[in-house]
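Please open the structure in a viewer and keep the sequence at hand.

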Amino acid sequence: MSSNLSEDALLGGRVKLLQPRDGFRAALDPVLLAAFVPARPGDSVLELGCGTGAAFLCLAARVPRLGILAVDRDPALVDIAQRNAGLNLLPAEIRAADARELRHLPPIHHAFANPPYWAGGTPSPMAERRQAAHEDAPLLDWVQAMARPLRHKGTLSLVLPAARFAEAAAALIEAGCGAVRLLPLWPRQGVPAKRILIQARRGGAGPDEVLPGLVLHEADGRYTPAAEAVLREASALT
């Protein structure tokens with residue numbers, strides 16, 4: 001293993017993850033995103049902006065026999081994601097490509113992403129962090145790229161800052177996805193959500209929903225039992 005990489009574990013050791021020691025490293029967001037995708041065994045899934053693969057690896061640890069296509073524009077991260085798939089004995093197709101230029105993909109059941117989320121402010125001087133976190137393409141472009149290959153009633157899921165939930169809902173609807181579901185992620189009880197999970201279905205026409213949210217931490221900083229179930233035991237958030 002390269003000295004520039006560390007080997008870490010997610011989901012209580014169910015997932016092994018090589019990732020750069022410096023730069024953008026997987027935290028809670030990809031684990032929570034994977035828990036929100038309502039995939040079933042044998043479904044096909046697409047992750048855009050997969051980085052080192054944390055989200056699709058966590059999803060595959062919970063749901064067996066998935067057909068996985070993952071895409072990232074950084075060839076170095078794609079190489080690490082491919083190594084991680086092998087490390088976890090997981091068949092997956094992982095491509096280096098710009099999400100906005102993807103065309104002619106096979107039909108899929110579920111698409112998901114943890115897209116770059118800061119549209120303003122000062123970008124990080126570190127290239128890896130800047131690319132992972134600082135938006136250089138509109139959120140709508142990401143949503144449209146994910147929606148194109150979705151089957152009818154297939155789901156599209158995102159994890160984003162709470163401040164962008166209205167923009168995300170509008171992008172989903174413009175891309176032909178409805179029946180929007182919003183799940184707040186509260187840092188602690190009584191504290192406003194900093195992150196949200198948001199999901200819609202291709203061609204969905206049902207009512208929108210605000211789901212029971214997830215409180216991540218107790219007052220003393222420990223994870224709540226509900227968060228432990230997701231982050232350590234690979235429970236679903238669906």
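**A pair of helices**

Select helix H1 (residues 28-36) and helix H2 (residues 54-62), which pack at an angle of about 40° with their axes 8 Å apart. Helices (H or I, at least four residues) and strands (E, at least two) are DSSP runs, numbered from the N terminus. Axes are lines fitted to C-alpha atoms, for helices over the stretch in contact, and angles run from 0 to 180 degrees between N-to-C directions. H1 and H2 are therefore oblique to each other, a word for angles that are not under 35 degrees (roughly parallel), over 145 (roughly antiparallel) or 65 to 115 (roughly perpendicular).

This is a predicted model: local features need pLDDT of at least 70, side-chain atom pairs count only at pLDDT 80 or more, and totals for chains, interfaces and linings use all residues. Residues are numbered from 1 along each chain as its sequence is written, and side-chain values use heavy atoms, without hydrogens and water.

Next, display Pro30, Val31, Leu33, Ala34 and Ala35 of H1, which meet Ala54, Ala55, Cys58, Leu59 and Arg62 of H2; contact means heavy atoms within 4.5 Å.

**The nonpolar core**

Now select Leu32, Phe56, Leu59, Leu197 and Leu237, the residues with the most contacts inside the largest nonpolar core, which has 43 residues. Such a core is a set of buried Ala, Val, Leu, Ile, Met, Phe, Trp, Tyr and Cys residues joined through side-chain atoms within 4.5 Å, where buried means under 20% relative accessible area (1.4 Å probe, protein chains only). H2 gives the largest share of this core, seven residues.

Finally, centre on Leu197: leaving aside neighbours within four places in sequence, its contacts include Leu32, Phe36, Leu158, Arg181 and Leu237.

Note on methods
Buried < 20%, exposed > 50% of the residue type's maximum accessible area, 1.4 Å probe, protein only.
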